[in-house]
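Student: I'd like to go through this model before I use it. Can we take it topic by topic?

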Amino acid sequence: MHEQQAPSRRPTRKRLSADDWADAALAALAERGLAGVAVEPLAARLGTTKGSFYWHFTNRDALVAAALARWEELSTERIIQGMEAAEPDPAARLGALLRGATASATEDPLEVRLLAAADHPEVAAALARVTERRVGYLAHLFELLGFPPSEARRRGVLAYTSYVGHAQLAHAVPGSVPTDPAYLAAVMAALLKP
């Protein structure tokens, strides 16, 4: 009698999705800027081959577009949806957004890297969409607090430029921007002052 050998078992690899590739591209972009989004290093990072990439994308530009769409979804739409679901008070939503965005901007360089790549057409278009969505949402909150539409829009722009400036300075000159709750409370008070 012959012994039967058990079939050899290869470790099963998780099938990667387009979102997995987009997330890896965003991580590379945060680390090294737009130039860091390259297929072969991303494949190595994901433990796969370039064939997996080409299963999902026709070229690098398609990956960049998918990564930017993923960033828009995760960093804007889901945050807005979460705020809407979690907090009914518009002033509390503004405060939570300011605290959360400021903390995130200080730790994560992705948005600063995207701003630095604003000369790339896809990045510029994504930045324009995200900026309009975020400023529009902030203006909406200011309107809910009783400010007329034009003043609400002005305050939305002011709140957003405060966030962007905070993010830029936090990465350009670490430690130069206060992160304590009293500072953020003062920013919030200035934004809400009639």
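Predicted model: local features only at pLDDT ≥ 70, side-chain atom pairs only at ≥ 80, totals over all residues.

Student: Pockets then. How much space lies in the largest pocket?

Tutor: About 510 Å³. On a 1 Å grid over the protein atoms alone, a pocket is an open set of points with protein on both sides within 12 Å along at least five of seven lines, and lining residues have an atom within 4 Å of a point. Grid points are joined across faces, edges and corners, and a volume is the space filled by probe spheres set on the points.

Student: Which residues lie nearest its centre?

Tutor: I79, L97, A101, R134 and Y163, out of 26 lining residues.

Student: And which helix supplies the largest share of that lining?

Tutor: α5, with nine residues. At least two residues each come from α4 (60-86), α5 (90-107), α6, α7 and α8 (149-172). Helices here are DSSP runs of H or I, at least four residues long, numbered from the N terminus.

Student: What does the lining look like by class?

Tutor: It has 18 nonpolar, five polar and three charged residues. Ala, Val, Leu, Ile, Met, Phe, Trp, Tyr, Cys and Pro count as nonpolar, Asp, Glu, Lys and Arg as charged, and the others, Gly among them, as polar.

Student: What about the second largest pocket?

Tutor: That one holds about 160 Å³. Eleven residues line the second largest pocket, and R15, L16, T48, S52 and H56 are the closest to its centre. Helix α3 (residues 50-56) gives the most to this lining, four residues. By class, the lining of the second largest pocket has three nonpolar, five polar and three charged residues.

Student: What lines it?

Tutor: L98, T102, S162, Y163, H166, Y183, L184 and V187. The elements giving two or more residues to this lining are α5, α8 and α9 (181-192). The lining of the largest cavity divides into five nonpolar, three polar and no charged residues.

Student: Switching to rings. How many aromatic pairs are there?

Tutor: Five. Rings of Phe, Tyr and Trp (its six-membered ring) pair if their centres lie within 6.5 Å; planes under 30 degrees apart count as stacked, over 60 as edge-to-face and the rest as tilted. F53 and Y54 form an edge-to-face pair, 4.8 Å centre to centre with 85° between the planes. Y160 and Y163 form a tilted pair, at 5.6 Å and 40°. Ring pairs also link W21, F53, Y54 and F57 into a cluster.

Student: What does E111 touch?

Tutor: Not counting residues up to four places away in sequence, E111 touches W71, S75, R134, Y160 and Y163, where contact means heavy atoms within 4.5 Å. The side chains of E111 and Y163 are joined by a polar contact of 2.8 Å. A polar contact is a pair of N or O atoms within 3.5 Å; within protein, one must be able to donate a hydrogen and the other to accept it, and residues adjacent in sequence count only if both atoms are side-chain atoms. E111 lies in helix α6 (residues 110-116) and counts as buried at 17% relative accessibility.

Student: Last one, where does L144 lie?

Tutor: In helix α7 (residues 121-144). L144 is partly exposed, with a relative accessible area of 47%. Leaving aside neighbours within four places in sequence, L144 is in contact with P90 and R93.

Notes:
Residues numbered from 1 in each chain as written. Heavy atoms only, no water. Buried < 20%, exposed > 50% of the residue type's maximum accessible area, 1.4 Å probe, protein only. 1 Å grid on protein atoms, 1.4 Å probe; cavity = no way out; pocket = protein on both sides within 12 Å on 5 of 7 lines; lining within 4 Å.
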